[in-house]
Number of protein chains: 2
Amino acid sequence: MDISIIVPIGGIVALLFATYLFFTVKKQSSGNEKMKELSGAIREGAMAFLKSEYKVLVIFVAVVASLLGMASFFEDSNIHWGSSVAFIIGAIFSAVAGNIGMLMATMANARTAEGTKKSIGKGLSIAFSSGAVMGMCVVGLGVLGVFSLYILFHNLLSLTPALTTNILFGFGFGASSIALFARVGGGIYTKSADVGADLVGKVEAGIPEDDPRNPAVIADQVGDNVGDVAGMGADLFESYVDSIIATMALAAVAGGFAVTTYGDKAIILPLVIAGMGIFASIIGTLVVTMGKGKNIYGILRNSLFISTAITAVFAGAATWYILDGEMSPFFAMIAGLVAGIVIGLSTEYYTSEKRKPAQSIADASKTGPATVIIQGMTTGMLSTVIPIIAVVIAMLVAHHFADFYGVAISAVGMLSILGVSLATDCYGPVADNAQGISEMAGMGTEVRERTEQLDAIGNTTAAMGKGFAIGSAAITSLALIFVYMIAANELLIPAGKTLELSLGNPKVISGVFIGAMLPFVFTALTMGAVGRAAYAMVEEVRYQFKKFDLLNNDKNKPDYARCVKISTSRALKEMIFPSLLAIVSPVIIGLILGPEGLGGLLVGSIATGFLLAVYLANAGGAWDNAKKYVESGNLGGKGSDAHKATIIGDTVGDPCKDTSGPSLNILIKLMSIVSLVFLPLIIAFSG
Amino acid sequence: MDISIIVPIGGIVALLFATYLFFTVKKQSSGNEKMKELSGAIREGAMAFLKSEYKVLVIFVAVVASLLGMASFFEDSNIHWGSSVAFIIGAIFSAVAGNIGMLMATMANARTAEGTKKSIGKGLSIAFSSGAVMGMCVVGLGVLGVFSLYILFHNLLSLTPALTTNILFGFGFGASSIALFARVGGGIYTKSADVGADLVGKVEAGIPEDDPRNPAVIADQVGDNVGDVAGMGADLFESYVDSIIATMALAAVAGGFAVTTYGDKAIILPLVIAGMGIFASIIGTLVVTMGKGKNIYGILRNSLFISTAITAVFAGAATWYILDGEMSPFFAMIAGLVAGIVIGLSTEYYTSEKRKPAQSIADASKTGPATVIIQGMTTGMLSTVIPIIAVVIAMLVAHHFADFYGVAISAVGMLSILGVSLATDCYGPVADNAQGISEMAGMGTEVRERTEQLDAIGNTTAAMGKGFAIGSAAITSLALIFVYMIAANELLIPAGKTLELSLGNPKVISGVFIGAMLPFVFTALTMGAVGRAAYAMVEEVRYQFKKFDLLNNDKNKPDYARCVKISTSRALKEMIFPSLLAIVSPVIIGLILGPEGLGGLLVGSIATGFLLAVYLANAGGAWDNAKKYVESGNLGGKGSDAHKATIIGDTVGDPCKDTSGPSLNILIKLMSIVSLVFLPLIIAFSG
């Protein structure tokens with residue numbers, strides 16, 4: 001029996017475990033009528049958004065799949081028809097995982113609030129289980145998708161490993177496309193609703209957050225789900241499969257380092273490690289859902305550490321067994337795991353309200369909002385140091401042990417516990433929603449305090465999750481670049497050429513410059529989109545306040561659905577241009593500056609994309625928590641001038657941390673994948 | 001007679017012309033006693049700051065010169081004793097140019113205000129002449145310094161051209177060091193005073209800008225001089241000499257492209273073009289000082305265009321004559337000139353209050369300060385596109401015509417009209433000071449309106465000047481990188497190695513990542529420094545308001561000198577750490593990651609340094625002018641909520657555009673120069 005059987009078993013077990021968790025959560029009480037009504041409205045809005053989004057995506061997927069399919073008819077194109085098939089499957093799998101995860105999250109919010117009535121541990125268990133449904137769907141569908149396509153094309157259709165992994169990039173491209181629209185569209189949705197609700201509600205009318213009189217309050221809750229659940233899930237689904245595929249591709253290079261050093265089995269190793277990671281993640285999940293005790297943050301962190309330790313042991317054993325005692329790729333993998341943890345902890349330090357950086361921002365409120373902004377920018381920029389150094393060291397160590405293959409497998413290592421770490425991320429928005437529902441349904445002070453506590457920890461874990469998502473995106477993209485270089489050479493060498501990616505070549509430097517610029521432009525576009533969409537929401541909320549006299553007349557109800565509709569239509573409209581930019585730029589630059597310029601572009605875009613993503617996420621998180629720090633009674637507390645100043649900081653940070661920053665993860669991965677998929681065409685043209 | 005005689009003649013003529021302008025300005029009336037007193041206080045404060053700054057610099061220069069001198073005793077170090085001498089001279093020349101320029105500027109402020117009484121043209125003529133003194137000193141001392149060192153070491157001491165240009169980098173390093181401290185220290189000074197004065201004066205007490213009751217008002221005026229005059233002058237002195245030296249060095253490479261294609265004379269060509277540019281600049285200056293007419297902005301722009309056209313003709317003729325009809329380097333140079341103009345115009349578009357970007361920021365004030373900040377960030381990020389594309393195209397075109405030599409000479413082209421373009425930059429702060437003095441001395445509405453007009457145009461030209469400074473820094477740094485690559489190979493080849501700067505080398509990518517991070521860190525440090533220094537100023541102003549009861553009791557006078565002292569001591573203290581980071585990082589990374597990693601670092605730091613510099617400068621400029629747009633009566637005008645929101649934007653923008661952004665110009669050039677100077681050591685160690 002081949003050890004690779006662990007892969008489909010892991011995948012199936014993950015899906016079964018997800019099913020089990022789904023029904024465990026579902027059978028919990030979702031509270032009284034009011035809570036059911038609210039939860040239902042949120043679910044409806046979220047599903048309506050996904051449905052509209054998928055309508056756009058179906059068209060996009062159909063067009064790209066047809067183009068790939070047509071290109072495969074031309075022998076010169078070097079594109080196999082399988083890419084088109086893999087692309088469609090990748091898109092579908094990502095969409096399914098996102099859909100189930102979000103359905104679960106929107107079912108869990110009221111149930112978490114109701115569970116919290118009993119105990120905070122009960123609430124945690126429900127919220128976390130719902131997050132784990134997303135986590136398990138992502139890893140299950142991820143490994144099953146990659147594994148079955150590999151079996152299909154390599155074992156059944158007898159294609160070479162190299163060609164098979166080439167086809168697999170189609171799967172990654174499909175996942176990327178869904179991730180792009182989910183992150184960008186979801187990000188615009190969530191922040192236009194949030195900023196719109198806050199600007200009129202909190203700032204102008206002076207009513208609290210989540211006040212049911214605010215017409216945008218449901219749209220805001222929906223946004224947490226479509227942005228932070230569906231968007232995050234699709235983002236990490238992409239990283240997860242990309243890192244596995246990149247490692248497989250590097251192992252499949254005929255005459256390459258991995259195959260000559262470790263033999264053919266190096267191809268299957270990343271899948272086996274991913275499969276092992278699923279079991280470790282299940283154990284980690286059980287630690288939380290069965291955990292007793294009041295220290296929620298401690299439980300969550302322990303679960304991550306336990307899963308990490310188990311994965312490390314499992315992966316070490318698997319490497320030893322598969323590669324006949326050769327352990328170098330395992331050391332490379334450990335480098336990735338450590339880097340992931342370091343980045344997560346650094347993110348926590350820079351954003352937590354218990355630490356100096358966020359407190360220094362709060363402190364700057366003494367001299368007004370301008371210094372709050374400046375201090376936040378400073379904090380965000382400084383926070384790039386540790387993640388960059390961690391990634392650089394991980395890359396150098398991984399490369400030292402196992403060449404490019406090592407870099408790729410270090411990304412696999414980082415992502416191997418995704419099943420549980422994604423649960424930790426997705427728990428955040430569920431807790432946030434539960435808090436909103438407990439507020440709106442008037443569940444009393446005790447419950448509200450407990451959900452607030454759950455929510456606060458959710459913010460910290462969400463920040464760590466963001467750091468982790470960014471770090472894994474960076475290492476995955478680096479792995480993809482190395483695949484790009486090798487793939488380009490394989491296409492060029494038959495024509496008697498090689499890819500010269502020297503910085504002494506002005507085309508390469510031009511590529512680096514333009515690539516470095518793209519994340520700035522992309523950030524500007526997504527941020528501008530939030531601004532425009534939020535403005536539409538502001539107008540609507542102002543209009544409804546006036547029309548229904550909501551602030552003075554308790555009997556009138558706001559029209560939540562109109563706000564949900566505005567967010568949906570605006571987000572869909574605004575996501576198109578930035579998304580197309582991300583897909584089209586590498587192709588155009590590749591055609592103009594050739595494969596050399598495109599290689600430079602990828603490196604430049606990863607460097608600044610990573611930096612800006614960390615900067616935006618951490619500045620945004622720190623602004624948010626600086627406000628929370630003031631709200632918890634420091635510097636004059638709620639309603640003080642300091643509070644007003646930090647609210648301005650938080651509003652600036654919102655699109656930074658929840659739209660533009662996370663979208664950059666997708667940008668850097670997607671551009672690498674697009675470059676890989678279209679490389680044969682680019683070389684044919686620039687030839 | 002050799003044509004190179006034009007170089008010393010040009011240099012001497014520039015200094016004579018500067019002397020003439022100096023005395024022309026000096027003999028103007030500096031108005032009544034009050035004006036003299038104010039101008040004297042500003043001059044005193046500015047000179048006191050320079051004096052203190054130079055005390056720090058003397059130590060720094062002595063230490064570095066000694067280190068270089070000692071290193072030259074070790075044969076292995078490959079460092080010639082001349083580097084140490086050149087370093088000292090470079091530092092002295094830069095300091096002298098800055099000193100004279102600032103002395104002139106601080107003498108011209110009251111004279112400009114007084115001149116404006118007669119006519120706005122008279123005011124313009126005085127302010128511009130004073131700026132031209134700085135411009136002429138910079139270009140005069142620049143060409144004389146480089147030329148005489150070249151004659152000394154090459155013609156008199158018979159060193160090879162390659163070794164001589166190597167020594168010349170010491171001159172560049174000396175200029176860089178002064179520029180670093182002038183930009184960083186001056187930048188921190190000016191903005192801590194400005195932000196400090198505004199936060200308490202405008203925001204808290206509600207008194208107008210430049211109100212004499214504000215104790216920080218003189219420090220604020222001093223800041224304009226030490227930051228925008230001395231800092232800008234030192235910055236461009238560095239770019240100017242670096243671009244010339246880089247071009248000479250590329251021409252001096254034995255067996256290199258330039259010498260084999262154009263012969264030995266290619267070495268002297270950049271100096272001759274610079275010499276020609278001096279005469280063109282003098283003509284451009286006369287266009288302004290003798291110009292009649294009311295359209296001041298038109299006059300300034302015409303003078304730049306005329307100088308550009310004349311330089312192009314002169315340079316074309318010189319190239320044709322020196323290179324015997326070979327015109328390719330001339331085309332490369334034109335690419336640089338065009339890129340400079342394009343970047344300047346793009347900056348004007350993105351920052352002018354008459355254009356959409358700044359107005360859209362003002363418009364965002366309808367929904368409060370947060371959206372003003374977001375819109376400004378968006379604008380700044382989008383504004384990176386044109387400058388990046390312009391630099392990339394200029395580099396590719398220049399490289400196409402004349403290889404790396406072409407890239408270097410395109411920077412020379414951009415900077416050849418520095419004599420007049422620097423006058424346009426330095427005119428801004430003088431006009432700003434004149435406006436302040438007219439306000440404080442109560443010179444009446446008519447004069448104030450005129451000086452306001454001068455000041456407004458000064459803001460636009462200053463913004464253009466900043467764009468130009470950034471663009472020239474980027475191209476100059478690129479030229480230095482190419483020199484670095486060639487120099488490294490020359491050192492490595494004898495040992496049987498070559499410099500492999502391939503992006504397939506993880507060390508190179510690591511370098512790119514770390515290099516890309518440094519501008520973020522540097523920005524955070526300089527911004528944080530402004531924050532801390534401004535806070536000290538805020539405390540002082542609040543203290544004085546209270547102690548002397550300044551707002552209610554007209555008889556009491558504030559203690560301006562204390563504020564000047566605070567700015568001085570804080571700026572000097574805060575400038576040390578960022579400056580050392582800039583100097584030490586390339587050496588440390590070079591020692592750890594070798595010359596490959598260092599090459600990557602330089603490319604990464606130029607890419608993000610350039611991007612961030614453009615982003616910060618344009619966002620800051622646009623915020624400033626959005627406020628001005630509201631102040632001129634739009635969206636409710638002065639005192640409205642919109643105005644308050646845009647004041648917050650302006651305060652955030654202040655350190656962006658006047659401290660962090662401009663300091664990045666120095667960072668990218670300095671790191672290249674440091675790498676070049678210490679390259680032999682790095683190669684010896686990483687051997």
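# Close-up views of a predicted two-chain model

**Figure 1. Helix α18 of chain A crosses helix α12 of chain B.** The axes of α18(A) and α12(B), residues 369-382, come within 8 Å and cross at roughly 40 degrees; axes are lines fitted to C-alpha atoms, for helices over the stretch in contact, with angles from 0 to 180 degrees between N-to-C directions. The model is predicted: local features need pLDDT of at least 70 and side-chain atom pairs count only at pLDDT 80 or more, while totals for chains, interfaces and linings use all residues. Residues are numbered from 1 along each chain as its sequence is written, and chains are lettered from A and ligands numbered from 1 in the order in which they are written. Helices (H or I, at least four residues) and strands (E, at least two) are DSSP runs numbered from the N terminus. The crossing of α18(A) and α12(B) is right-handed, a term for a near helix turned clockwise from the far one by less than a right angle. I648(A), T651(A), V652(A) and P655(A) of α18(A) meet P369(B), A370(B), I373(B) and I374(B) of α12(B). Contact requires C-beta atoms, placed from the backbone, to lie within 7 Å. By class, this helix pair has seven nonpolar, one polar and no charged residues. Nonpolar covers Ala, Val, Leu, Ile, Met, Phe, Trp, Tyr, Cys and Pro, charged covers Asp, Glu, Lys and Arg, and polar covers the others, Gly among them.

**Figure 2. The side of chain A that touches chain B draws on several helices.** The contact takes 57 residues from chain A and 57 residues from chain B. Elements giving two or more residues on the side of chain A are α5 (161-205), α12 (369-382), α13 (385-415), α16 (506-547), α17 (560-631) and α18 (641-686). The largest share, 18 residues, comes from α16(A). The residues on this side divide into 39 nonpolar, 18 polar and no charged.

**Figure 3. S502(A) lies by the rotation axis, at 2.0 Å.** A rotation of 180 degrees with 0.0 Å of shift along its axis superposes chain A on chain B, with RMSD 0.0 Å. This is the relation of a two-fold axis. The copies are superposed by least squares on the C-alpha atoms of residues with pLDDT of at least 70 in both. Of the residues of chain A, S502(A) comes closest to the axis, by its C-alpha. The same surface serves both copies, as 100% of the contact residues of chain A recur in chain B.

Figure 4. The C-alpha atoms of Y321(A) and I3(A) are 8.9 Å apart, although the two residues are 318 apart in sequence. D324(A) counts as exposed because it has 10 C-beta neighbours inside 10 Å.

**Figure 5. L635(B) has a positive phi in a loop of chain B.** The loop joins α17 (560-631) and α18 (641-686) of chain B. Phi of L635(B) is about 55 degrees, in a residue that is not a glycine. With 19 C-beta neighbours inside 10 Å, L635(B) is partly exposed.

Note on methods:
Two residues are in contact if their C-beta atoms, placed from the backbone, lie within 7 Å. A residue is buried if 20 or more other C-beta atoms lie within 10 Å of its own, exposed if 12 or fewer, and partly exposed in between; C-beta atoms are placed from the backbone.
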